[in-house]
Amino acid sequence: MRRNLLLLAAPLLIAATLTERDAAFIGKRRSYWTFQKPVRPEPPKLAGFSNPVDAFLVEALYSKGLSYSAPISKEKLIRRVTLDVTGLPPTPAEVEAFVKDKSPNAYEKLVDRLMASKHYGERWGLRWLDLVRYADTNGFELDAERTHAWRYRDYVINAFNSGKTYDRFIQEQLAGDEMWPGDNDALIATGFLRAGQEHIVGGNQDEEMNRQEVLTEMTTVTGSALLGMTIQCARCHNHKFDPIPQSDHYRLQAVFANTVGDELALVPKQAQQTSLDAAKAHDKKLQPFKAQVKEIDEPYRLKLVEERKKGIDPALLAAFDIPNEKRTPEQERLAKEAKDQMTPAWDDVVAALPADVKAKRYAIRKQMHEVDLDEPEPFAAAYAVANAKKPADTHILKVGDHKSKLDLVPAGLPQVIVDPAAEFPQGLSGRRTALAQWLTSKDNPVTARVMVNRIWQLRFGTGIVATANDFGTLGARPTNQKLIDWLAVEFMDRGWDIRSIDRLLLLSVAYRQSSTYDEAKAKIDGDNKFYWRANKRRLEGEAIRDSILAVSGALNSKMGGRGVKIPIEPEIYELIFTEGETDNLWPLPVDRTEINRRSIYLLNKRSVRLPMMANFDQPDTITSCAMRSTSTHALQALTLMNSSFMQEQSKLFAQRLERECNGKQACMIDASYRLTLGRLPSAVERKMVIEFSKGEQKLSDYCLAMLNRNEFVYVP
Amino acid sequence: MYPKGLQRRNVLRMAAQGFGAVALESMLQRELGAKPRSNPLAAKAPHFPAKAKSVIFLFMVGAPGQMDTFDPKPGLARYAGKPLPESFGKISSQFTSGDTPILPSPWEFKRYGQSGLPVSSLYPHLSKCVDDICFVRNFYTESVVHAPAMYQVQSGRILMGYPSMGSWVTYGLGSESENLPAYVVMPQPEGTPEGGTPMWSSGFLPAIHQGTTLRGGPNPVLNLKLPEGMTPQRQRRTLDFLQKMNDLDTEETDTEMAARISSYELAFRMQSRPRRWISQRNPMRRASFMGWIKSLRKSLERAACSHGVWWNAGCVSCSYSLVEARSASSGTLTKT
């Protein structure tokens, strides 16, 4: 008992000496703007700008001799806002209705309609999943699928759709299990802490190293996604630029010291048993095929064993021939070695089969895979976290190496913001709750700013702080601090209501400007830091694919569920790593309309990136991605011109035009423009299309070109 | 923005009469000293004077270990047949218990050349040219598991998600080539090594710096082949049509859109003459491994010279990092 007490007291004693050193390290940098609580500035009173967002922006613009650009046309506006809010282009009927609606609140109604759509959460979901580097697999070589991870993806989408407030959203993700025990949604939310890569592979593992990496992942994502701070830079040493001592990294890590990953059943015992029985019954159906394959292999396998035995050291073989129970430990070791050496791998056996036997073998396996398509769903479980039964210590690690332990540290919060003497729970449970409550307290200087900046970035293309995951000294300074502070305070005062701030931005005059270039203004502010025009933005790979499916008419807008596998090129299939048989690594869904689901529902496998996504800058799901880069290269063109997906979609698009226009050219030209670009062609364009359609060109060639247009893949 | 006569519209008009015009545009721009803002891969001056013209990096999974090739470990002979001395500590190993007896190298080492560097009897021919080789013997790994060790060789970390060498090189130096991918990866014919694509990922660098996989067979780059039933003429017409339409709705000043238009021309050129730049890459079918390397070098020279840019600048052009997967950890760097 006494010893335990001492153990508990030790970290606190050490902490006292540590904090002095840390306080000196932090020094005056405590006064950096990021760490000051935002105070609501008074919006400037400017005639004609009732939205405070505009008032702040215009004030800054005027001071630079700049002003807003003209409003964008209604046709382009509905295209912009629909792509922005839903990730899909508006339908021709929606465009027509909006253009015809002359009521003063037509735009407001449009925004409200779009925000009420289920696609709103899908659009936001993609952003949030980028931040938490969500994927459906573990990563590293085996990269196994996380059967239940998708529930977290669906949780995120639903959170945005249902208007979950940001404070609750954070609390559930960090500590849903502690704060709302028994609430399935809150449990699933903790998948946030497990969204990163994890090295799961067989053989002897350095468990301590693997655990340290898991904890680092939790710490890092909390820093980047929620705090907008590069806490991870302090893993090996004091932060080189920010007032984050190395101990802060480990104090934050200690918040998760008792947090362990778990698959927690979401259904009662009875249902679990039913599901297990069904799985067993299914397995039985596969047995006959497995037996047949084994029967085919057996003679060839035995022959290989005999051949191999000839090459094995006689001493090993002698040990192998001794019956199991009579072997000494040393003989046991030798026997095992002999067995390893004589056992052929599956591919050695397959290589030994004559061609006709091999064909027969694979025909049987094919039948088996077909039966396997009916595999019953496993019972519902949450890919979540729980608190361990035993507490774990946290040490500062010299250069981040788990083998070089330095001082013990208690769980705690960044010292630059919170006095290290302040109480923080050190028990098994409650650490994460305390972190979540601190993050979502109105006194926290960073959380609200970081989130309003993300909302801003989603709508305007760049953040008020351009480095959305780094509000530190190497990050960008806000282009308009009054604006971000006002938004942050307003956000908290509106009860952390994401949708309400989002709506405010979408309704601003700033959002409705045209994106046209202006040489005089560009001379003053070439990077458009002050938003004198809208930023044209390339759609993400996901939105490009979804838009194409929408235009061709193939889009299946079903929501949720397990990650969907879509057809992949043989070259991509080859990238799937396995030590087993290679013939059924990517089974496609039985219901083929599934392959036309929205991209957010596609299986996101860390080691096998889909070219359509990866080529268009989909993040690699390894580190938190605050803002996608926009690169332009030839592989994108090859994908959008030659891939079988594009070939198929352009044909479907052509068929749709033929069908809807009874093959009449003028109608097809108009319809194709309305569907892809939300407008009618100009006289020049119409002439070009007619010119192009002469000769051997096919309608699908034209459709392919339309789907490749700059205007189609950019938000106007 | 652009010098007169080099406006994008004019260039596109030229492009309609034949490909290559867009490449000409950027080359001319460079000659005229204009900044080709639209090309993030434009060649950049190195920080140090360059000594090499190109680098071929062979990463050879499953090659013999260093103690059998170039890095003799006489200490092993002292402990032959015995377990590792306790003072050494416990070694970790993925698939053995780590207490098996020590096996010294069965190969004999001798010193060769002026440098007097040791080479084992495994390499009777290589020993004749040791003075042309620089041996790096301080590679180590922090993981005994294949994939993390592979990530460490390529990116310096045992984790996925850090930029690979080739990505850093294209990031730092750009590429001198106008019509080839800047960073090319050639996996072995048997397939991808355990580490998979993160081995040549760009990590947190922009995606344009990721390695482009070159494969064997008629489709070396994904989607390079014309779709079935498509003729080059038909595709050229479709492309011309697309480019004219793009030109219509793109502002003169929009470099991003201009880059997008150029990228289609590059894609078309790549697929029009893939043979020019794709080397014979299956070493199994070649008489010798070194013969294969020679052919690789030749094809690099040819690919570059045919467009007259590769050797011109005389700076480091390691924008080709050719990864042939063979050895996980021997860490032998071959100067070519």
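This briefing walks through a two-chain model, from whole chains down to single residues.

The model is predicted, so local features need pLDDT of at least 70 and side-chain atom pairs count only at pLDDT 80 or more, while totals for chains, interfaces and linings use all residues. Residues are numbered from 1 along each chain as its sequence is written, and chains are lettered from A and ligands numbered from 1 in the order in which they are written. Helices (H or I, at least four residues) and strands (E, at least two) are DSSP runs, numbered from the N terminus.

**Chain A overall**

- Chain A holds 30 helices and six strands.
- Its C-alpha atoms fill a box of roughly 95 × 80 × 50 Å along the principal axes.
- Of the 716 residues in chain A, 44% are buried. Here "buried" means 20 or more other C-beta atoms within 10 Å of the residue's own, "exposed" means 12 or fewer, and "partly exposed" is in between, with C-beta atoms placed from the backbone.
- Take the contacts in chain A between residues at least 6 apart in sequence: 72% of them join residues at least 24 apart. Two residues are in contact if their C-beta atoms, placed from the backbone, lie within 7 Å.
- Chain A splits into domain 1 (1-31 + 165-264 + 382-442), domain 2 (269-372) and domain 3 (642-715), with bounds from an automatic or database domain assignment.
- Between the C-alpha centres of domain 1 and domain 3 of chain A there are 54 Å.

**Two helices of chain A to look at**

- Helix 8 (residues 166-179) of chain A has 14 residues, yet its end C-alpha atoms are only 15 Å apart, short of the 20 Å a straight helix would reach. The expected span is 1.5 Å times one less than the number of residues.
- Helix 8 of chain A also has a kink of about 70°, centred on Q173(A). The bend at a residue is the angle between axes fitted to the seven residues ending there and the seven starting there.
- Helix 8 of chain A is largely enclosed by the rest of the structure, because 12 of its 14 residues are buried. Among them are Y166(A), F169(A), I170(A) and Q173(A).
- Helix 2 (residues 52-63) of chain A has 12 residues and reaches 17 Å from first C-alpha to last, close to the expected 16 Å.
- Buried residues of helix 2 of chain A include P52(A), V53(A), F56(A) and L61(A), and what covers the buried residues includes helix 19 (481-493) and helix 20 (498-506) of chain A.
- After helix 2 of chain A comes G65(A), with a positive phi near 75°.

**Loop residues of chain A**

- Most residues other than glycine have a negative phi.
- D617(A), which is not a glycine, has a positive phi near 70°, and T621(A), also not a glycine, has one of about 65°.
- D617(A) sits in the loop between helix 24 and helix 25 (634-642) of chain A, and T621(A) is found in the loop between helix 24 and helix 25 too.
- D617(A) counts as partly exposed, with 19 C-beta neighbours inside 10 Å, whereas T621(A) has 26 and counts as buried.
- T582(A) lies in the loop between helix 23 (570-573) and helix 24 (611-614) of chain A, and is partly exposed, with 15 other C-beta atoms within 10 Å.
- T582(A) and D347(A) are 235 residues apart along the chain, but their C-alpha atoms are separated by 9.7 Å.

- Chain B has eight helices and six strands, running α-α-β-α-β-β-α-α-β-β-α-α-α-β from the N terminus.
- Of its 336 residues, 38% count as buried.
- Contact between the chains involves 54 residues of chain B and 50 residues of chain A.
- On the chain B side, helix 4 (146-155), helix 6 (232-248) and helix 7 (255-272) are the elements that give two or more residues.
- By class, that side of chain B has 26 nonpolar, 18 polar and 10 charged residues. Ala, Val, Leu, Ile, Met, Phe, Trp, Tyr, Cys and Pro count as nonpolar, Asp, Glu, Lys and Arg as charged, and the others, Gly among them, as polar.
- S177(B) is in the loop between helix 5 (165-173) and strand 4 (184-185) of chain B, and is buried, with 20 other C-beta atoms within 10 Å.
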